[in-house]
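Good morning, and thank you for joining this group meeting.

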Amino acid sequence: MSEKILAVAAGHEITEKELNELIANYPPEQQVYLSNPKARDEVLEQLIGFHLFLKLAEEQKIKESEEYRKTLAKMENELASHMAATGIIEKVTADEAEAKAYYDKNPAQFKSKEQVKARHILVEEEDLAEKIAEEIRAGKEFSEAAKEYSTCPSKEKGGDLGYFERGKMVPEFEKAAFEGAAGELLGPVKTQFGYHLILVDDKNEGEELAFSEVKDTLMEKLLHQKKQNVYFETVKELEAKYGVERRG
């Protein structure tokens, strides 16, 4: 059965197989997008352009030029060097046993970070912050006070900032939030932005992540490290074998 011909450009028949082979060279996430008929048509237009310019190159005898020969020689050397390095690196593997051994030896690296869930009210004056705090202690809902008084865009959500880790907020705010108890009204706390009233809704102290949760990521990390090590070790071996003279 003959291949389906999608277009003819400068006498070259572009088949469905040629189009599919080109798409197969794209990263997996792009291949999903290219399954769309419109996207495939765009790639087909690229192929058409390629063959039209290839025909123009033939007419201009570009392959006979000195510039072409020099460029081709450079590309050949780059390809050969790349293939030699890849041939060594692609033999490197990492298995689950190595990942588990690393996991057991480095427990501190596999713990979820401490988090706080908090709401806040931001105003410019300390006296106003004190007044709002008194209203809340007297029974006013924190979220209502935030919507009424706060100058932070979070006021639209009742001052809710969601969960955050250390290092995400300014130091004064972070210290109060992480040291305060859940349900406790904190402040006024002064920062570069003004005066904050803070209400901690929840605290997550962080917990150890199970090996099953980190296995895939850890194996990728170990494989990358091992490939780097093998690469640099091989470079040293080749230096000793072929010689290197560095001139600063």
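Ala10 has a phi near 55 degrees, a positive value in a residue other than glycine. Its relative accessible area is 39%, so Ala10 counts as partly exposed. For these classes, buried means under 20% relative accessible area, exposed means over 50%, and partly exposed lies in between, with a 1.4 Å probe and protein chains only. A positive phi in a residue other than glycine is also found at Lys61, where the value is near 50 degrees. Lys61 sits in the loop between α3 (37–59) and α4.

A word on the origin of the model. This is a predicted model, in which local features need pLDDT of at least 70 and side-chain atom pairs count only at pLDDT 80 or more, while totals for chains, interfaces and linings use all residues. Residues are numbered from 1 along each chain as its sequence is written, and side-chain values use heavy atoms, with hydrogens and water left out.

How confident is the predictor? On the pLDDT scale, which gives the confidence in each residue from 0 to 100, the protein chain has a mean of 92, and 99% of its residues reach 70 or more. Confidence is lowest in helix α2 (residues 28–33), with a mean of 79, and highest in helix α4 (residues 66–89), with 96.

Let us turn to the chain as a whole. The protein chain contains nine helices and six strands. Its radius of gyration is 31 Å, whereas a compact globule of 248 residues would have one near 18 Å. That radius is taken over C-alpha atoms, and the globule rule is 2.2 Å times the number of residues to the power 0.38. Along the principal axes, the C-alpha atoms fill a box of roughly 85 × 50 × 50 Å. Of the 248 residues, 27% count as buried.

Now to the sheet. In which order do the strands of the open sheet stand? The order is β4-β3-β6-β5, four strands with antiparallel pairing. The edge strands, each pairing on one side only, are β4 (160–165) and β5 (185–191). On average, neighbouring strands of this sheet are turned by 40 degrees against each other, direction ignored. Two strands are taken to pair if DSSP finds at least two bridges between them.

Strand β3 (residues 115–123) is joined to β4 by four bridges and to β6 by nine. On the β4 side, Lys117 stands opposite Tyr163, and Arg119 has Asp160 as its bridge partner. On the β6 side, Val116 is partnered by Lys203.

Helix α6 (residues 126–137) lies across β3, β5 and β6 (194–204), running at about 170 degrees to β5. Helix α8 (residues 171–179) lies across β3, β4, β5 and β6, at about 165 degrees to β5. Axes here are lines fitted to C-alpha atoms, for helices over the stretch in contact, and angles run from 0 to 180 degrees between N-to-C directions.

With a relative accessibility of 46%, Arg166 counts as partly exposed. Leaving aside residues up to four places away in sequence, Arg166 touches Glu114, Glu174 and Phe178, where contact means heavy atoms within 4.5 Å. Arg166 and Val116 are 50 residues apart in sequence, yet 8.6 Å apart in space from C-alpha to C-alpha.

How values were computed. pLDDT is the predictor's confidence in each residue, from 0 to 100. Helices (H or I, at least four residues) and strands (E, at least two) are DSSP runs, numbered from the N terminus.
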